[in-house]
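Grab a pencil and work through these exercises with the structure open beside you. Try each task before you read its solution.

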Amino acid sequence: HADVHRTGDVYRGSARGSVGTSADPWHLLIEDGTFDTVTSAVRVRSAVLQHDASEVEARGSLSGSGRAELDLVITSFAVHDLLAAIAMPIHGLSLDVSGDVSVRGTTRLPSMHAAVRFENARYRDLEDLAATITFDYGATAATLETRMTLGEIGAVALDGQADWRSPMPLARALDAAVFDATLDIEALDLELVGRVTPSARGLTGKLDGGLALQGKASSPDLAVDVALTALTLPGVPLTTTSLGATLDATWRDTLVVALATTDEHGPLVRVDARLDTPSRVLLGDVLALSEYAWSAEATLPERPLSQMPIDLGSLHTDTLVSAATLSVTHEVSRPMRADLTGRLSRADRATTDATEACGDGRDLVLDVVGALHTDTTRVTVTLGDGDARPVTLALDAHTPVDAWLAGEHAAPLVANLDGRVVALDLAKLPFVCEHAAGTLDGTLEGTRLGSTDATLALHLEAPSVRFADEAPVAVRVDADVSGTRAHAKASIEASDGGDG
């Protein structure tokens, strides 16, 4: 129902109405509204939208020249009821909003104040959610203060301010403003991610730290300092409950990142990375790594396999120690270069309480050396003790990494393999020595591995090998695979001097 009167060039009126059902109505009341047909000025003494205990009231004026004086008062408004009324419900959401918003000035140079509270919030199985937001925008500055509590899951705070020298329109102010903003995270339970994203269920841990941004939006100074504790990963069989990580990063002219992981035994993998480009590249559409110089290095310090945070099955022993380093470097207009070194060795008996069932290969070492130079990758694996290396495996592949980074189409990965075993003493191999003794020779050759016409040939020969307490025998194995065809032949015969 509406009641409108005209006096000269001014229309004045009030209106009231309801929508919904008789059992669940929404009421709208407009009192003393005016419109000047000459100046296009609009004024409303009060406009109220009400539903049950929810109420939103707006009042104010807007002149034809764009000068505004507007106020909005929100009293415990149930957002979930409004979404249901307009047929846009969010399943599992319950949220009440209250607060006030005021706007003054002109549409070109406005000032604004807002203080809003989100209470009694629940989303699916997340309860006791709450937040407060305070925002002020003036002629030469703006401030924002946000506090969010997630029940027992943690808390997040966002504070920021922006300053510009003189009054100007919002679009220009954002370009000219100098920002100072911080995001603080306190004991945020990563289980929250799994509750919202089903694929991440099983992810747990606590996140603390923050992010800071300073300077102009076109080239800000960024800093990140966060820590993860008691981390568990979905689908990963961890053997520790104290896996943690820290991330420190700064970015202005150069991005510098340090990621370190730890557990109860000390340092685990550490990654240091550097990207030589200013932070303003974040304003671009896509960050193409092939267009910038960057480097990264990952290190795993020497550590017994029994102290690895991942279940390694029968290899989870303190008689074996591993260490590795991977470095990657990319320069503009030059091929990417990568180098990998890894070592698996026997632990010093003085540092372990383990008793070895067999084997005297205290100095037995497995070395892995890899190099990516000019689109070619070569990985060499050797096994031996001292200067002797009875086992050698070499893998070569064409790897156009720069083309991959640039998103260009490249031929499928194809590799060649060459392996040699010369008089390998089985008594020096962990685990193997518990079941067999003797020497082993052989070759392993592969061509175009990864393609449809790949070939693989294996030849192993042990002239005199003893299994457990059985008589020594001679073992020979030959196998080859070509395309869709495979052939294998094995023979076991009494060795020279054997009993049968």
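Buried means under 20% relative accessible area, exposed over 50%, and partly exposed in between (1.4 Å probe, protein chains only). By that cut-off, Trp26 and Phe77 are both buried.

A quick note first: this is a predicted model, where local features need pLDDT of at least 70, side-chain atom pairs count only at pLDDT 80 or more, and totals for chains, interfaces and linings use all residues. Residues are numbered from 1 along each chain as its sequence is written, and side-chain values use heavy atoms, leaving out hydrogens and water.

**Exercise 1.** Work out how the rings of Trp26 and Phe77 are arranged.

Step 1: Rings of Phe, Tyr and Trp (its six-membered ring) pair if their centres lie within 6.5 Å; planes under 30 degrees apart are stacked, over 60 edge-to-face, and the rest tilted.
Step 2: Trp26 and Phe77 sit 6.0 Å centre to centre, with 55° between the planes.
Step 3: So the pair counts as tilted.

**Exercise 2.** Decide whether Tyr137 is buried or exposed, and do likewise for Trp164.

Step 1: Tyr137 has 12% relative accessibility, so it's buried.
Step 2: Trp164 comes out at 7%, so it's buried too.

**Exercise 3.** Find which residues Thr34 touches, skipping neighbours within four places in sequence.

Step 1: Contact means heavy atoms within 4.5 Å.
Step 2: On that basis, Thr34 is in contact with Val10, Tyr11, Arg12, Ala41, Val42 and Arg43.
Step 3: Now check burial: Thr34 has a relative accessible area of 13%, so it's buried.
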